[in-house]
Amino acid sequence: MATFDLEQQEQLDQVKHFWKQYGNLITWTLVLVLGAYAAWTGYLYWQQKRSQGATGLYDELDKAAVERNADRVRQAFGDLKSQYAGTTAAEQGALLAAKVEADAGKADEARATLQWLVDSGKNEGLVAVARLRLAGMQLDAKQFDDALKTLGAKVPDEYAALVADRRGDVFLAQGKNKEAIEAFQIAWKGLEPTVEYRRFIEGKLTVLGAPPEPLKTPGTPALPTAPAAR
């Protein structure tokens, strides 16, 4: 019995020694792990609540847009922008608000709304759409340098042809036909042949005296050359 007690005491002493040496480290490690878990859980909850709040405000904005109530649209978008900046709902709301503002003849407000999305947006696709619309409004206002600056940033590949087309429109308005042709050619080549809008760009090039040459399909044999007349 005494031997058992002695062994038990030795083990207890080892545990005490181990805890004295590593106890604080273990405790703080657990605190950090549990704290990180609690923070992550809280973050997910916060994101969920944030998403719900943003969606609710977007629904208000959408309803006001259907009613063509520009003042209510502006108010709803202002709340979205101030409370839920960085959410998809806020960025989609910016595009919708800008359309309503533009339709209501409030071009300055519409450009400011689109500029906010261009400067602050996280979704690359929505930002690219905002750039195209903003450049179009700047073109209408004859703000050519601003339009080219707006179109100068990198966009996702699927928007590159449309950006080139809009850049061509700006050059054409400036009377820079050579630059316009080059931009329209880039746009025409960047769109799939099945895209209907490609024909519209082809029409621009034709009017400028530079109709695009049909792209050759790989593997298609060249047509035989007719013999010269004798």
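Of the contacts in the protein with a separation of 6 or more, 48% are between residues 24 or more positions apart, where contact means heavy atoms within 4.5 Å. The model is predicted, so local features need pLDDT of at least 70 and side-chain atom pairs count only at pLDDT 80 or more, while totals for chains, interfaces and linings use all residues. Residues are numbered from 1 along each chain as its sequence is written, and side-chain values use heavy atoms, with hydrogens and water left out.

Begin with the whole chain coloured by secondary structure: the protein has nine helices and zero strands, helices being DSSP runs of H or I of at least four residues and strands runs of E of at least two, numbered from the N terminus. Buried residues, meaning those under 20% relative accessible area with a 1.4 Å probe and protein chains only, make up 32% of the 230 residues.

Next, select Thr87, in the loop between α2 (70-83) and α3 (88-103). Thr87 counts as buried because its relative accessibility is 14%. Show its side chain and look for two partners: a polar atom of that side chain lies 2.7 Å from the backbone oxygen of Tyr84, and the side chain of Thr87 also reaches the backbone nitrogen of Ala90, at 3.2 Å.

Now move to Thr113, which belongs to helix α4 (residues 107-120). Thr113 counts as buried because its relative accessibility is 1%. On the α8 side, the contact is made by Ile181, Phe184, Gln185, Ala187 and Trp188, and on the α9 side by Arg198, Ile201, Glu202, Lys204 and Leu205. Coloured by type, the residues of this contact divide into six nonpolar, one polar and three charged, with Ala, Val, Leu, Ile, Met, Phe, Trp, Tyr, Cys and Pro counted as nonpolar, Asp, Glu, Lys and Arg as charged, and the others, Gly among them, as polar.

Definitions and conventions: Buried means under 20% relative accessible area, exposed over 50%, partly exposed in between (1.4 Å probe, protein chains only). A polar contact is a pair of N or O atoms within 3.5 Å; within protein, one must be able to donate a hydrogen and the other to accept it, and residues adjacent in sequence count only if both atoms are side-chain atoms.
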